[in-house]
Amino acid sequence: MTIERTRPSGPDTSATVAVVTQGATRRRPRRSARSPLSSIVRHAVLIAGAVLMIYPVLWLLVSSLRPADAIFRDPGLLLTGIDFTNYIDGWNALEYPFGNYLLNSVLLVLGSIVGNLVSCALAAYAFARLEFRGKRWMFAAMLLTIMIPIHVIIVPQYIFFSQLGLVNTYVPLLLPKFLATDAFFVFLMVQFIRGIPRDLDEAARIDGAGHPRIFFQVILPLMVPALAATAIFTFIGSWNDFFSALIYLTDARVQTVPVALRSFIDTSGSSSFGSMFAMSIVSLIPVFLVFLFGQRYLVKGIATTGLK
Amino acid sequence: MSALGELRSTAKTGGHAATRKRESKAAYLFLLPWLLGFFGLAVLPMAASLYLAFTDYNLIRPPEWTGLENFTRMFEDARLMNSLRVTFTYVIVSVPLQLVFALVVAMILDRGMRGLPFYRSIFYLPSLLGSSVAIAILWRQMFGTSGLVNQLLAMIGIEGPGWISDPNTALGTIILLHIWTFGAPMLIFLAGLRQIPAMYYEAAEVDGANRVQRFFRITLPLLSPIIFFNLVLQLIGSFQSFTQAYIVSGGTGGPADSTMFYTMYLYQKGFAELDMGYASAMAWGLVVIIGAFTALNFIASKWWVFYDD
């Protein structure tokens with residue numbers, strides 16, 4: 001697989017994930033002798049590109065702090081005064097205060113993270129370190145599930161959960177996480193564990209440790225970067241998840257932030273853009289914070305698996 | 001006796017079979033959650049969905065076997081055929097464009113330049129935000145008749161159209177949103193570029209190869225497995241996109257069904273009209289399409305993907 005190839009061989013146990021940093025130091029000298037002019041041009045192009053990319057998001061932020069009608073008048077980023085009216089209006093615009101939806105989202109996200117970490121790490125250990133009958137086809141089947149569209153599963157799942165009276169609960173959204181259905185993370189962790197030297201397992205085994213102990217005391221502490229990447233990706237995936245939340249959460253009391261934001265579009269026309277912008281910003285803050293503090297793991301995790 | 005026999009056979013194989021058995025048992029325990037999920041939440045629902053695809057079912061009355069009717073209906077359903085056209089246009093335009101952008105920016109950044117982490121972060125950020133409802137809402141405003149884009153155009157004296165209310169441009173705005181999130185594949189390309197040994201370029205330079213030749217003879221072949229990997233992932237993901245089109249069009253797929261993605265039509269059939277049998281048949285249509293595209297990709301890869309080991 002592609003992934004195999006990008007794994008550098010080195011003493012670093014976090015080999016799989018260290019692609020970015022290792023390579024960076026290796027290649028740098030090659031390009032040192034460049035003319036300053038071409039360097040300036042390149043920086044200018046990149047800065048222009050970066051501004052273009054980020055402008056809409058900054059404008060969203062600035063506009064949310066202006067009077068609501070300015071959204072359709074002022075394309076600039078200059079903020080003359082800070083006006084929190086949109087935030088106050090938006091917070092109270094829906095059936096419940098926006099805090100209700102935020103809390104729902106937080107609970108769902110935390111549950112999803114715990115579920116994915118536990119179930120995927122367990123499965124990954126078996127695939128990466130243990131021999132058992134059916135391993136080959138199970139691993140292949142696991143990879144195949146990455147390709148299967150959710151739509152082919154969600155109709156019967158919905159029927160099943162609705163017959164059990166579990167629509168408008170978090171069970172349909174959380175149960176899959178505790179059963180390792182996000183095969184991508186299993187794959188990420190398998191790749192990572194394969195990069196951990198087997199000598200460590202052997203040493204523990206000679207000392208009399210069984211598989212549970214090897215897993216918990218040897219492998220798990222060493223795979224923190226992979227766990228962190230999984231936690232962050234799960235956070236962003238669950239926080240932004242719209243499709244399944246739209247299907248399973250129809251009662252406003254249990255709805256999450258994305259579904260709540262959507263009801264802004266339902267309730268009124270363009271006049272509510274101020275509230276919408278403000279609550280959009282509120283909904284993006286956690287993602288932004290995760291990006292800020294988890295970037296290291298994000299960048300490396302992406303380089304490892306090609307996750308979004 | 002049997003215990004003794006077991007003991008003897010264990011002794012004969014040097015205890016290997018026993019440890020293997022123990023390891024197997026441990027493995028299945030570790031795999032238990034995944035096995036439950038795989039069979040209970042993937043295989044079983046898929047089987048159920050396959051059955052439902054041949055029935056008429058609306059959640060209230062029990063499913064009624066209708067044979068191939070759902071599938072023949074699909075071929076006669078003009079809205080479905082339109083949704084396929086919309087989805088294919090979206091995938092075929094946005095996936096290659098996004099990857100080209102990702103590769104170009106990665107190549108510009110891969111020069112050991114100052115400020116690399118800064119640029120990398122800025123270009124990557126939209127990938128994280130792009131799948132959110134919040135950004136889709138922003139897009140809905142930006143490309144509205146008096147949205148941000150037209151406000152900016154007005155400053156240079158151009159009166160822009162209502163991008164989202166015009167069937168000719170509505171899909172384009174969603175394609176643009178997809179391209180905007182080129183940061184994730186860019187990061188994969190960056191990692192890939194780092195893996196190309198510098199000496200290849202040095203040798204080529206000594207032999208007088210110019211920049212274009214170095215790109216087509218060294219960078220592209222050595223990067224091809226990663227391009228392939230990105231292409232497969234992006235195709236699978238793009239065929240399933242839903243949120244952006246749903247929000248930008250206000251849940252309608254309009255104007256004139258111009259942003260009615262296949263997945264949105266499926267959602268409408270299954271969860272608004274509760275036509276579960278038809279929705280299941282549609283879902284299998286999507287499986288076939290994604291499967292076919294992925295298979296085609298793998299077959300075609302023999303000609304253009306280069307593995308150096």
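Asn168(A) sits in the loop between helix H7 (151–163) and helix H8 (171–178) of chain A. Helices here are DSSP runs of H or I with at least four residues, strands are E runs of at least two, and both are numbered from the N terminus. Although Asn168(A) is not a glycine, its phi is positive, at about 65°. Most residues other than glycine have a negative phi, and most peptide bonds are trans. Asn168(A) counts as partly exposed because it has 17 C-beta neighbours inside 10 Å. The rule is this: a residue is buried if 20 or more other C-beta atoms lie within 10 Å of its own, exposed if 12 or fewer, and partly exposed in between, with C-beta atoms placed from the backbone.

Ala180(A) also has a positive phi, of about 55°, without being a glycine. Look for Ala180(A) in the loop between H8 and helix H9 (183–194) of chain A. Is Ala180(A) buried or exposed? Ala180(A) is buried, because 29 other C-beta atoms lie within 10 Å.

## What kind of model this is

This is a predicted model, in which local features need pLDDT of at least 70, side-chain atom pairs count only at pLDDT 80 or more, and totals for chains, interfaces and linings use all residues. Residues are numbered from 1 along each chain as its sequence is written, while chains are lettered from A and ligands numbered from 1 in the order in which they are written.

Chain A has a mean pLDDT of 85 (the predictor's confidence in each residue, from 0 to 100), and 85% of its residues reach 70 or more. Over residues 1–32 of chain A, however, the pLDDT is below 50, and this stretch has 61 contacts in the model beyond near neighbours in sequence. Two residues are in contact if their C-beta atoms, placed from the backbone, lie within 7 Å. Where pLDDT is low, the predicted coordinates should not be read in detail.

## Chain A as a whole

The secondary structure of chain A comes to 15 helices and zero strands. Of the 308 residues in chain A, 44% are buried. Among contacts in chain A with a separation of 6 or more, 76% join residues 24 or more positions apart.

One pair to find is Asp89(A) and Ala278(A): they are 189 residues apart along the chain, but 8.8 Å separate their C-alpha atoms. Asp89(A) belongs to helix H4 (residues 85–91) of chain A. Leaving aside neighbours within four places in sequence, Asp89(A) is in contact with Gly274(A) and Ser275(A).

Six residues from domain 1 of chain A and six residues from domain 2 of chain A take part in their contact.

A nonpolar core is a set of buried Ala, Val, Leu, Ile, Met, Phe, Trp, Tyr and Cys residues joined through C-beta atoms within 7 Å. In the largest one, with 162 residues, those touching the most other members are Ala123(A), Ala124(A), Val186(A), Met189(A), Met186(B) and Phe189(B). Helix H5 (residues 98–129) of chain A gives the most to this core, with 13 residues. The core lies between domain 1 (33–83) and domain 2 (92–305) of chain A, because both give residues to it. Not counting residues up to four places away in sequence, Ala124(A) touches Val186(A), Met189(A), Val190(A) and Ile193(A).

## Covered helices

How many of the 17 residues of H12(A) are buried? The count is 14, so-called "mostly covered". Helix H12 (residues 224–240) of chain A reaches 24 Å from its first C-alpha to its last, close to the 24 Å expected at 1.5 Å a residue; the expected span is 1.5 Å times one less than the number of residues.

In chain B, helix H6 (residues 133–142) is largely enclosed by the rest of the structure, because ten of its ten residues are buried. Trp139(B) and Arg140(B) are among them.

## A cis bond in chain B

Gly254(B) and Pro255(B) are joined by a cis peptide bond, with omega about -5°. Pro255(B) is placed in the loop between helix H12 (243–248) and helix H13 (262–272) of chain B.

Methods
Domains from an automatic or database assignment.
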